[in-house]
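Please open the model in your viewer and keep the sequence panel beside it. At each stop of this tour you will be asked to select a few residues and then to look at what surrounds them.

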Amino acid sequence: MKLGQAFKMAFKSIGGNKGRSFLTMLGIIIGVASVMAIVSVLMGMNKKSLEMYEKMGSNRIQVYAYRYDGVSVFEDLYDYCLYLTEQVDGVTPNAYVSATVTYGNKTSDSMDQRPDMYFGSDQYGVVNNFQIEKGRDLSKIDIDNYANVCVMGGRAARNFFDATDPVGKEVRVNGVPFTVIGVYAEKDADNISWSLDNVIVFPYTAARALQQDTRDMNEFYVKAKTASAATEATTLINGFLTGICGNPNDWNNQKGYFYVENANQWSESGNEYAKMMSLVLGGIAAISLLVGGIGIMNIMLVTVTERTREIGIRRAIGAERKSIVSQFLIEAGMICGIGGIFGVTLGTILTLVGGKLLLQTVIWPSFSITVGALAFSVILGVIFGMYPAIKASGLQPVVALRAE
């Protein structure tokens with residue numbers, strides 16, 4: 001039998017039992033769609049997380065440190081990081097400001113998206129991967145002079161000033177006047193519900209004007225030059241803070257407490273977790289593919305029974321066993337292949353819907369996942385169609401011709 005003729009017969013058999021063929025494909029359709037949607041959405045979530053880490057600033061080191069005598073750790077940490085010129089780009093406090101910002105009739109407390117407000121150093125923008133779009137960034141002079149100034153993120157500036165240039169304008173923070181000296185370029189414009197750009201940064205020395213104690217600033221960020229420099233800087237900062245705050249693991253330590261954590265580890269851990277979840281959930285969804293494969297085997301066995309007489313006639317006129325095997329394998333492969341195409345279509349739709357609902361973004365299944373799912377569905381059909389095909393080819397012509 002020619003290959004083209006085998007495909008025509010397979011199409012005729014599938015088309016002759018449309019309802020049964022569709023129900024047989026259903027397991028494959030659901031399996032392929034589930035695997036594609038779950039794996040694609042998880043990959044999209046992982047990509048989104050990595051993008052968020054990059055926007056926040058890669059190679060950051062988180063430092064939490066305080067002394068029991070109430071003396072601020074930051075000045076010493078700042079000077080030490082200036083010394084680490086080969087490892088460190090900058091260091092800043094990451095202290096949250098509890099205040100109400102007012103401009104005209106607009107107030108931060110009444111906004112749908114209240115801005116996040118932080119005390120920072122002159123290196124806040126460098127550490128947090130911000131670039132100045134208008135005006136200038138905080139400077140060492142602002143810090144030393146206890147200046148009442150601030151820099152706004154692009155989203156915060158738009159919320160307060162609309163299309164007006166904020167630079168040089170005065171806002172009131174808990175009633176205290178502060179001058180806007182700069183605006184950061186937006187780096188998270190696509191995020192609708194919450195944005196890294198909805199931020200206002202004040203010199204950490206301005207805490208005095210806002211009646212907030214700088215001794216409460218215990219959390220800091222250090223920006224390393226590279227990933228390897230981050231590892232080295234983490235070790236060096238650990239040693240430095242041990243001298244200031246004592247050993248945090250020593251119960252008899254009377255100096256203070258600290259911990260230093262390389263934020264790159266969060267990204268790596270998140271990546272590994274996403275891969276593990278993709279494998280686990282993808283494996284669970286793949287079970288439906290297995291069930292669909294069993295359905296293929298079952299329906300092909302029924303087909304063999306229904307076409308026993310046809311097989312007997314073909315064997316009687318000289319058809320070889322491999323011809324019978326190829327005919328049934330092609331039919332099984334075609335059922336799974338058509339089911340796989342429908343599954344890929346449904347999986348793409350589910351991925352788009354899932355990405356929009358969960359991540360507020362458009363996610364397309366990768367080419368490798370799409371081709372892999374389609375190829376796997378065809379291979380599954382061939383594997384599960386093997387036994388019925390071999391059984392059909394093994395029928396004796398005389399016995400097959402006697403079948404009703």
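This is a predicted model: local features need pLDDT of at least 70, side-chain atom pairs count only at pLDDT 80 or more; totals for chains, interfaces and linings use all residues.

Residues are numbered from 1 along each chain as its sequence is written, and side-chain values use heavy atoms, with hydrogens and water left out.

**Stop 1: the interior**

Begin by selecting Val63, Phe119, Val171, Ile200, Phe202, Ile237 and Leu241, which are the residues with the most contacts inside the largest nonpolar core, a set of 52 residues. A nonpolar core here is a set of buried Ala, Val, Leu, Ile, Met, Phe, Trp, Tyr and Cys residues joined through side-chain atoms within 4.5 Å; buried means under 20% relative accessible area, exposed over 50%, and partly exposed in between, with a 1.4 Å probe and protein chains only. Now colour helix H7 (residues 227-245), which gives this core its largest share, 8 residues; helices (H or I, at least four residues) and strands (E, at least two) are DSSP runs, numbered from the N terminus.

Which residues is Phe119 in contact with, leaving aside its neighbours within four places in sequence? Among them are Pro93, Val97, Phe202, Tyr204, Leu210 and Met217, where contact means heavy atoms within 4.5 Å. A second, separate core has 23 residues, including Met25, Val32, Leu329 and Ala389.

**Stop 2: charged pairs**

Side chains of opposite charge can pair when their charged atoms come close. A search of the whole structure finds 7 salt bridges, each being a side-chain nitrogen of Lys or Arg within 4 Å of a carboxyl oxygen of Asp or Glu.

Select Asp89 and Lys225, whose closest N and O atoms are 2.7 Å apart in a salt bridge. Asp89 lies in strand E2 (residues 88-93) and Lys225 in the loop between strand E12 (219-224) and H7, so this pair ties together parts that are 136 residues apart in sequence. Asp89 is partly exposed at 35% relative accessibility, and Lys225 is also partly exposed, at 38%.

Move on to Lys106 and Asp162, which meet in a salt bridge of 3.1 Å, N to O. Lys106 is in strand E5 (residues 106-107), and Asp162 is in the loop between helix H6 (154-161) and strand E9 (170-173), 56 residues apart. Is Asp162 buried or exposed? With 51% relative accessibility, Asp162 counts as exposed, whereas Lys106, at 24%, counts as partly exposed.

**Stop 3: helix H10**

Just after H10, Gln360 takes a positive phi of about 55°.

Within H10, centre the view on Gly337, which is buried with a relative accessible area of 13%. Not counting residues up to four places away in sequence, Gly337 touches Leu374, Ser377 and Val378.

**Stop 4: a surface patch**

Finally, select Phe22, Leu23, Leu26 and Ile30, which form a nonpolar patch on the surface with about 370 Å² of accessible area together. Such patches are made of residues with over 30% relative accessible area and no salt bridge, with like charges joined within 9 Å and nonpolar side chains (Val, Leu, Ile, Met, Phe, Trp, Tyr) within 5 Å. Leu23 is found in helix H2 (residues 18-56) and counts as exposed, at 60% relative accessibility.

Conventions:
Accessible areas come from the Shrake-Rupley method with a 1.4 Å probe; for residues, only the protein chains shown count as cover.
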